[in-house]
Structures are given as C-alpha cells and as structure tokens.
Amino acid sequence: MAEILQYVHKDGFLHRLHPYTKIAFVIAVSLMCIIATDLTFLTLMVVAMLAFAAYGGLLGEVLQQLKLILVMSVVFIVITLLTMPGGDVLGYLIPTAVPLIGGSLPITVGGLNIGLVLTLRFMILIFAFQLFLISTQPRDLVHAMEKVGMPIDYILMFIIALRFIPTLQIEGQRIHEAQLARGYNPGTGFTGKIRSVAPIVIPLVSNALIRSNVLGLTIDMRGYRTGQKTHVRERVLVTRDYAVMAVLAVAGVGFIALLLAQMV
Amino acid sequence: MIELKNVSYTYPHTAHPALDRISLTLPKGRCIMVTGPSGAGKTSLCLAASGILHHEFGGKKEGTVSIGGRGVAEYKSLSDLARNVGVVFDDPEAQMIFTTVEEEILSALEHRGLSADVIEERLAGIIRIAYLDELKDRSPHNLSGGQKQRVALAATLALGNDILILDEPTSELDDHATKRIATILADLKAQGKTLLLVEHKYGYFRDMVDTLVVMENGTITASGVPDEVLKDSRLRGMILPDFSTVAKAAPVKSDAAPVVTVSHLSYSYGDVEALHDLILTIRKGEFVAVVGENGSGKTTLVKHFNRLLSPTSGDVVVNGKNTKNCSIAELARDVGLVFQNPDHMFFADSVRDEIAFGLKNLGIENGSTAIDAALSEAGLSGSADLYPRWLSRGERQRLAIACVVAMQPGVIVLDEPTTGLDGYEARLVIDMLRRLQEKGHTIIVITHNREIATHCADRVITMENGRIVADTRGA
C-alpha cells in the first residue's frame with residue numbers, strides 16, 4: 001500500500017538537512033511557483049524538484065504521486081477550458097462532425113494555458129511538501145517547532161494527523177472487506193452513494209474516537225506534555241544547511257529580477 | 001506500592017458501578033494478575049490503580065488509591081503520575097506516535113531530565129530487553145501486532161518507573177508473540193519491577209504471578225495464591241478453559257459433497273508470494289481449524305473463499321461455482337466470513353438492525369424470523385434493541401457471528417473468533433459453532449489456540465509460509 005506522506009527512513013542528502021533549511025526550502029519554492037505564471041519557468045521548477053528528489057534518493061517515493069497528479073491535472077485543464085476560454089481556438093471538445101452539438105466547447109489557448117499553469121503549480125507544491133515530510137523525522141520536527149516557540153500540543157496534533165493517515169487507510173480497507181463479506185454493495189446514484197457511506201464511515205470514526213482516547217492517555221503518561229526535555233541527537237545547522245540556504249537566497253534574488261523584467 | 005481501599009466508581013451517565021468496593025494491595029516487586037470476563041471492570045481497575053481515573057474521568061468516585069505511599073489526589077497531574085507509574089494499554093497502534101521504533105523510545109526518554117549520555121545508554125538497554133534491535137528503524141505500519149506491543153512496552157519502560165500496569169498486552173497476539181511478552185515481563189519482575197497485569201492467558205504467565213485476582217461485575221470475587229484460586233472449578237474453567245469436553249460431531253463421510261475446492265491456488269501481494277500451489281477440499285458439514293504463525297497465509301487463503309481476493313493462478317470452486325465467475329455479493333450467500341475484530345463491522349443503531357443489514361443486502365424479505373433465530377443462537381435475544389458497541393467484547397463477537405449466520409451461508413469462516421475472550425466466553429462461541437455444524441453448516445476457523453484446534457475441530461490444517469504443511473483428521 002502506498003504510504004501517503006510518511007517519513008521514509010534513509011540516509012540521503014535531504015535527510016541530513018536541518019528541518020529549518022527544509023522549511024525555508026518549502027516556503028521559497030511555494031512562493032515562487034505561486035507568483036510565477038510562465039510555463040517554461042514552472043516546467044523548469046518541476047524538473048528541479050525531481051532532480052532534487054533524485055539527489056536525495058527519494059525519486060521513487062515522489063513519483064508515486066504521479067497518478068494522483070495526472071487525475072488532478074485532467075480535472076484542472078477541463079475546468080479551465082470550460083470556464084476560462086480566451087485566445088485562439090485550437091479545436092473542440094466535441095468534434096465538429098457530431099451533429100447538432102458538434103463544435104461546441106472550444107479548446108482555447110488561454111484556457112489551456114491557465115490549466116497547465118495550475119497543474120504545474122500543484123505538482124511543485126506537492127513535490128516540495130512531500131520531500132520535506134518524508135525526509136524529516138517527526139521528533140526533529142518537534143524539536144525545531146518547539147524552538148521557534150510553537151506550543152507542544154499543536155505540534156503533537158500536526159504530527160499525529162500525519163502519522164495516522166496510513167492507519168486509517170488500512171482500517172478503512174478492513175472495514176470495507178468486512179462489509180463486502182456481508183453482501184454490502186456500494187449504492188448507485190447520488191443518494192445511493194451517500195447512503196452507502198455509512199457502513200464504512202461509522203465504524204471508522206467510532207474506532208478512531210476510541211483509539212484517540214488511548215492515544216491521549218499515552219501522550220500524558222509518557223510525559224510528552226511536561227515541556228521539560230533533554231535534547232539528544234539534536235540537529236544543528238551545519239555548512240550543508242548554510243549552502244542550501246545560500247542557493248535559495250540566490251534563486252530568490254534571481255526570481256525577483258526575472259519578475260521585475262516581466263519574464264516569469 | 002499501590003493500594004486501593006474500598007474503591008467504587010461509576011462512569012458518567014451510567015447506572016451501574018464499573019468498580020464496586022475494590023480493595024487491593026500490590027507490594028513492591030510483586031506481580032498481581034487480574035482476570036475475568038470482558039466488561040467486568042478490569043480496564044477501569046487499571047485506570048483507577050494508575051491514578052488516571054482520578055485525574056481524567058468524571059463520574060462518581062469513592063474510596064482511596066495510593067501510589068508509592070502518596071494518595072493519587074496529591075499528584076498534581078497525569079505528567080506527575082507518569083513519573084511514578086507506567087501504563088501499557090491494550091491497543092498497540094494507538095501507542096505509537098512517532099514514525100520509527102527508535103524514535104518512539106527516544107522521545108519517551110527525553111522527558112525524564114536525564115543527561116544525553118544516560119539516555120543513549122538506557123535506549124540501548126531497553127532495545128535489548130524488548131528484542132527490538134532489528135526493528136529499530138521500522139515504521140508502525142511495518143510491524144506486526146506483537147512487535148507494536150513490544151514497542152509500546154519499551155516506550156513505557158523508557159520512563160524508568162518501578163511500577164508497571166499492563167491492560168491486556170497480549171490480547172491480539174499469537175502464541176509466539178505472547179511468549180515473547182511473557183519472557184520480557186518475567187525479566188522485568190526479576191529486575192524488581194512491580195507489575196499489575198490484566199490478562200486472560202494465565203497459562204503463559206503462571207511462573208511469575210504471585211497473586212491471582214478474579215473480577216466479575218465490578219467486584220473482586222477471588223484473590224489469592226494462584227493454586228488456591230484455581231481449586232475452584234468454576235474459576236478454573238474461566239481461567240484455564242478446558243475444551244476437551246466439547247462433544248465432537250460424527251466424522252464427515254469422505255464422500256460428502258465438497259463445498260470448497262481449491263486447486264493449485266497461488267497468490268502474490270506484489271512481489272511477495274503469500275500462497276503457493278495449494279490443493280484443498282473441504283466437505284459439507286466439516287469443522288476445520290486452520291492454524292499457523294502470523295503471516296503463514298491463513299487469512300489470505302480464506303479471503304479467496306468469498307472472492308475478497310482472486311487467485312494469481314489456480315482456481316477456487318465454492319458449491320460448484322468457480323469464484324472467478326461470481327461477484328463478492330453473490331458469494332456472500334454461500335460463504336459467510338467473520339473477521340477478527342467485530343468492531344470493524346458495527347454501524348447500526350441496534351443489534352437487530354445490525355443483523356438486518358446483511359439480509360437486506362441479499363434482498364431477503366421478511367427477515368425477522370431469521371434475525372430472531374440468529375439472536376437466540378448467539379444468546380443475545382435480550383439485547384436486540386441495544387446499541388451494538390455497548391455490548392461486552394464477548395457479546396460483540398457473538399453478534400458478529402450472528403450477523404453472518406442470519407444470512408444462512410452454508411460455509412461459515414471465522415478469523416480468530418476467541419481473541420480477547422475469557423475461557424467461558426470462548427466456550428460460548430465454540431458451542432455456538434458446534435450447534436451450527438450440527439445444523440449442517442460447514443465451519444472453518446482460523447485460530448492461534450491449539451486447544452481449540454485439537455479438541456473442537458474434526459480436521460486441523462497447518463499452514464507455514466503460504467503452504468499447507470499438515471492436514472490431519474481427529475479420531
């Protein structure tokens with residue numbers, strides 16, 4: 001089963017970076033891809049993300065998301081084609097040969113362009129967040145966030161939300177199988193679909209609530225919320241981190257220059 | 001070390017007390033094992049003895065609890081209590097918060113005000129005690145239930161407390177994993193730890209238990225040296241169940257109609273082969289036990305009977321129909337499958353509605369006769385209007401079986417139906433299965449329990465690494 005956004009234990013370049021460096025990386029990359037609208041620039045960024053992933057030994061993990069991205073990109077492009085037409089017409093979603101409705105729903109350069117920009121941005125954001133999360137041990141993240149003064153309860157909440165994604169996936173699968181064995185068939189039509197959700201979601205949520213009770217007691221009984229703490233194996237910013245941040249700074253300045261020249 | 005005097009407790013919004021005038025003393029370095037039916041108040045006792053009940057729960061509380069000579073009210077908070085007592089709960093999944101085993105233990109060690117050197121030293125020691133060396137870098141979803149439970153225990157040990165309270169630490173575990181936990185606990189006791197252990201599996205822990213306590217309906221009904229307590233035949237039946245008195249059916253004739261025929265079945269999860277070239281015929285009316293270690297392919301095999309899984313190669317034929325040509329819903333009429341955890345199926349507002357769900361799915365009209373029959377079969381006639389999740393674990397297990405029985409499949413498959421049950425509850429389940437066999441159903445049970453396999457089944461199939469290594473018929 002694909003493990004969504006879970007830490008992958010390896011010893012690569014990204015794993016050795018300090019969480020701060022990686023947070024700076026995510027922020028810089030996100031800002032750039034949201035501001036930029038140039039297709040070439042965004043494509044180069046995607047290539048850069050993949051190169052970075054490959055360098056850190058995480059290309060395989062990142063490419064697992066390709067299916068999701070492909071589906072989302074088709075959705076984005078179809079929506080923008082329908083809602084934001086503009087510029088030259090390249091063709092029609094319904095071929096002109098079809099009687100009566102043929103030639104409607106034009107594929108325009110403007111619509112296509114916006115759809116592609118959204119897709120690329122989406123890809124870059126997903127890759128950047130994923131690289132950060134799968135290469136950072138939660139306890140390093142806890143240390144880093146505590147240092148910047150974030151309350152421990154919020155940090156634990158964030159970590160637990162991520163940690164339990166695969167647990168819920170597996171549990172959902174088991175519930176689904178148990179109901180299938182009782183002849184459950186997912187309904188048809190809109191109301192059928194909604195109604196058929198109950199046999200899966202109710203056990204999933206009830207079990208999760210019971211589990212959260214034990215989880216809460218465990219957190220207290222292990223003293224995670226005491227605040228007092230000895231930091232062992234703590235990460236410190238090293239030359240590698242400063243180098244990456246310098247690269248990010250240069251890229252940022254370069255990006256602003258390109259922006260002022262209206263090239264991105 | 002822990003002393004409870006006349007402790008009574010009633011949960012908010014309930015009428016009956018979960019604990020009723022409990023008095024118990026756990027001296028330093030000793031081990032008390034608490035046992036009893038599900039719903040008897042054992043978990044509430046763990047919560048009371050650890051002070052959690054006092055600090056975290058509302059409801060009506062009476063009596064006094066002291067830990068290490070201090071009353072629980074004198075402790076400022078749970079974090080304060082956590083410096084004196086460690087608690088391991090029954091759900092190992094909920095006790096893993098971080099993403100690798102080492103990280104989990106290390107994070108618990110960091111909150112003890114120790115120096116970094118001492119922490120590293122203790123970490124190494126705990127990993128050794130809990131046999132976790134090879135698993136250090138694994139993530140929670142790549143661990144078995146037994147391994148997770150060892151991690152939860154290790155993270156609790158990291159706190160360095162002398163008192164440990166364990167609430168059914170082996171309930172979901174197989175024979176091998178239970179033995180491992182028992183070995184670890186025996187070592188801890190030898191080191192001088194004080195243990196309060198809630199367990200059903202007395203047999204695994206008999207050498208380390210100083211006092212055996214039996215709880216029923218919120219009260220202690222017996223307490224003393226294990227040998228003395230076990231002299232009472234009723235209690236003995238609960239603690240050390242004897243399945244040798246289960247009356248077996250007359251042997252099924254070798255020419256009885258085959259209901260499940262497996263020919264050259266292989267199945268792979270991705271690159272991992274889970275089943276290898278299995279050949280098996282199960283005949284109408286048989287009571288078959290499937291045994292084997294975790295990961296030997298037992299559940300994978302039975303999931304083929306109702307097509308939750310389809311063969312990578314080979315065929316599975318159920319009642320003359322090749323499963324390849326049937327849908328799961330169609331096969332639900334022929335094969336009923338009850339999974340290990342009953343809580344994976346309950347969603348209705350009442351026991352009756354829960355059973356009706358399967359019947360509606362099969363399009364059976366006027367199901368109320370079938371529902372009533374299934375309820376009485378499961379001994380739940382009086383609970384028809386209750387909310388399923390309010391039932392005790394033993395009752396929920398029987399309800400899960402009733403849900404499948406009402407659909408009247410010829411073959412009933414059960415995955416670990418006696419997990420987490422005491423001797424009497426397990427016996428109720430087994431007797432129910434025997435009655436169903438008498439009525440002509442074919443019963444297939446996956447079990448870790450060798451006693452059940454040898455005494456209740458006509459035929460025992462042993463699996464190992466995706467292969468059937470033994471297939472024996474009882475006398």
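# Chain contact, domains and a helix pair

Q: How many residues does the contact take from chain A and from chain B?
A: This is a predicted model: local features need pLDDT of at least 70, side-chain atom pairs count only at pLDDT 80 or more, and totals for chains, interfaces and linings use all residues. Residues are numbered from 1 along each chain as its sequence is written; chains are lettered from A and ligands numbered from 1 in the order in which they are written. Two residues are in contact if their C-beta atoms, placed from the backbone, lie within 7 Å. The contact takes 50 residues from chain B and, from chain A, 47 residues.

Q: Which element gives the most to the side of chain A that touches chain B?
A: Helices are DSSP runs (H or I, at least four residues), numbered from the N terminus. Those giving two or more residues to this side are H7 (138-147), H8 (152-163), H9 (165-180) and H11 (198-221) of chain A. With 14 residues, the most comes from H11(A).

Q: How do the residues of that side of chain A divide by class?
A: Ala, Val, Leu, Ile, Met, Phe, Trp, Tyr, Cys and Pro count as nonpolar, Asp, Glu, Lys and Arg as charged, and the others, Gly among them, as polar. The side of chain A that touches chain B has 21 nonpolar, 15 polar and 11 charged residues.

Q: What distance separates the domain centres of chain A?
A: An automatic or database assignment sets the domain bounds. Chain A has domain 1 (1-136 + 236-264) and domain 2 (138-233). In their contact, 10 residues of domain 1 meet eight of domain 2. Over C-alpha atoms, the centres of the two domains lie apart by 28 Å.

Q: What is the relative orientation of H2(A) and H6(A)?
A: Axes are lines fitted to C-alpha atoms, for helices over the stretch in contact, with angles from 0 to 180 degrees between N-to-C directions. The axes of H2 (residues 19-35) and H6 (residues 109-134) of chain A come within 10 Å and cross at roughly 175 degrees. Angles over 145 degrees count as roughly antiparallel. The two helices, H2(A) and H6(A), are therefore roughly antiparallel.

Q: Which element gives the largest share of the side of domain 1 of chain B that touches domain 2 of chain B?
A: Chain B has domain 1 (2-243) and domain 2 (245-473). In contact are 19 residues of domain 1 and 22 residues of domain 2. H7 (175-190) and H10 (233-239) of chain B each give two or more residues to the domain 1 side. The largest share, three residues, comes from H10(B).

Technical notes. Parallel < 35°, antiparallel > 145°, perpendicular 65-115°, else oblique.
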